[in-house]
Amino acid sequence: MAIINQATKELQVKIVYYGPAMGGKTTNLVQVHDHVQTTAGNKGKLVSLATSSDRTLFFDFLPIEAMSINGFKTKFQLYTVPGQVIYNTTRQLVLRGVDGIVFVADSQYEKMTENVESFTNLEENLKSLKLNLSDIPYVIQYNKRDLPNVAPVEYMEFLLNNREVQVPSFTSSAHKCEGVFETLNMITRMLLHKFVSQSTPQYA
Amino acid sequence: MATLPQLIEEDIQRLEDELRELLKQTDATTALIIDKGGFLISSYGDTRQFDLTTIAALASGAFMANQTIANLVHETNFDNVYQQGQKHSMFVVCVDEFCLLTIIFRAEVSVGVVKYFAAPCAKSIAEQLQTAQQRDPGAGLDLSVLNVADTADFFKRKR
């Protein structure tokens with residue numbers, strides 16, 4: 001859970017990018033790292049624990065310090081999980097202390113089963129941490145919209161966002177940086193709203 | 001999921017005092033208190049030489065991964081990780097359910113000394129966190145000063 005430090009007036013928030021393998025989670029972080037406007041020193045290094053073929057092995061990690069709001073320094077820590085099915089224990093470890101989630105779905109038709117399996121896996125892993133997806137701010141990103149064989153957004157909404165409360169969703173082509181910042185700004189907004197509106201925030 | 005208590009200035013001061021004493025006793029370079037989710041809570045010593053934010057994220061990940069491995073071989077008594085280096089070594093020890101104490105020290109410094117003094121330091125840190133918890137267990141934090149009406153451009157893309 002987020003750290004709200006009264007002594008130093010700092011708010012630290014953990015956002016995890018989740019989704020099926022090769023869906024574009026790491027690409028999202030790379031694009032944020034490459035294109036975000038920050039003042040000097042407010043963007044940390046992008047750390048990737050990846051295999052020699054650039055598949056995420058443990059996680060990617062990008063710390064960014066955003067603007068100060070009324071004296072509160074806001075620090076965001078962006079993580080990705082490894083998408084491959086065998087790395088489930090690792091995904092559980094990365095989810096520990098999560099505040100917000102970006103689910104990155106692959107829009108290609110043949111990836112729909114993997115998308116649904118990954119989403120179900122997310123819910124199961126949260127349960128193992130005694131968390132419930134409905135209590136955590138999350139957004140869905142339909143990535144790879146520039147490819148020719150993509151499923152209609154309505155169909156993907158039906159598969160992944162067909163719940164009592166629908167969450168914000170975005171189309172994207174992460175490798176062109178399209179939709180990346182829109183997604184990040186929305187999850188940021190939802191998180192800050194949660195912190196302000198909840199009567200007993202987590203800890204400081 | 002239960003969380004850490006609110007930490008006020010007095011708590012942070014006490015935690016820093018503990019870290020300062022630990023560095024004095026061990027001749028270690030830097031000490032950090034980190035949350036098991038990867039956040040840096042407090043640090044003391046040489047904080048310029050290292051990227052502490054990233055170290056906190058990776059050290060907590062490495063500790064949790066090692067703990068999981070230990071569980072897989074039915075080891076239930078797991079509470080520390082030692083990384084031996086040629087220039088700097090690192091010792092990570094569990095403080096309580098939520099926190100870890102990470103100590104970075106030069107290779108010439110004896111790991112035995114670090115382990116010896118880290119144990120009571122971790123205990124004191126745990127006690128301070130406990131004190132903070134008991135002070136006001138249900139305490140909330142007024143974040144009404146945060147104006148979140150317009151965060152559309154919280155992160156801006158370079159053009």
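Buried residues account for 38% of the 159 residues in chain B. The model is a predicted one. Chain B holds 3 helices and 5 strands, arranged along the sequence as α-β-β-α-β-β-β-α. Of the contacts in chain B with a separation of 6 or more, 51% link residues 24 or more positions apart.

- β1(B) runs antiparallel to strand β2 of chain B (residues 40-45), and 5 bridges join the two. Within this pair, B:I34 stands opposite B:L40.
- β1(B) and β2(B) form a hairpin with 4 residues between the strands. In that hairpin, B:G38 takes a positive phi near 110 degrees.
- β1(B) also runs antiparallel to β5(B), with 6 bridges between them. B:I33 has B:L101 of β5(B) as its bridge partner.

- Strand β4 of chain B covers residues 88-94 and is mostly covered, with 5 of its 7 residues buried.
- Strand β3 of chain B (residues 80-83) is joined to β4(B) by 4 bridges, and the two run antiparallel. B:V81 stands opposite B:V92 of β4(B).
- A hairpin is formed by β3(B) and β4(B), with 4 residues between them.
- On to strand β5 of chain B (residues 99-106): 7 bridges join this strand to β4(B), again in antiparallel fashion. B:C94 has B:L100 of β5(B) as its bridge partner.
- β4(B) and β5(B) form a hairpin too, with 4 residues between them.

- Is B:I103 buried or exposed? B:I103 is buried, because 28 other C-beta atoms lie within 10 Å, and a count of 20 or more is the cut-off for a buried residue.
- B:I103 belongs to strand β5 of chain B.
- Which residues does B:I103 touch, leaving out those up to four places away in sequence? The list is B:A28, B:A31, B:M90, B:F91, B:V114 and B:A118.
- B:I103 and B:Y116 are 13 residues apart in sequence. Their C-alpha atoms are 12 Å apart in space.

**Helices α2 and α3 of chain A**

- Helix α2 of chain A (residues 88-95) and helix α3 of chain A (residues 112-128) have axes that come within 10 Å. The axes cross at roughly 60 degrees.
- α2(A) and α3(A) are therefore oblique to each other, since roughly perpendicular starts at 65 degrees and roughly parallel means under 35.
- The crossing of α2(A) and α3(A) is right-handed.
- From α2(A), the contact is made by A:N88, A:R91, A:Q92 and A:L95. From α3(A), A:N121, A:N125, A:L126 and A:S128 take part.
- The residues of this contact between α2(A) and α3(A) divide into 2 nonpolar, 5 polar and 1 charged.

Terms used:
Residues numbered from 1 in each chain as written. Chains lettered and ligands numbered in written order. Predicted model: local features only at pLDDT ≥ 70, side-chain atom pairs only at ≥ 80, totals over all residues. Buried ≥ 20, exposed ≤ 12 C-beta atoms within 10 Å, placed from the backbone. Contact = placed C-beta atoms within 7 Å. Pairing = 2+ DSSP bridges. Axes fitted to C-alpha atoms, helices over the stretch in contact; angles between N-to-C directions. Parallel < 35°, antiparallel > 145°, perpendicular 65-115°, else oblique. Left-handed = near helix turned anticlockwise from the far one by under 90°. Nonpolar A, V, L, I, M, F, W, Y, C, P; charged D, E, K, R; others polar.
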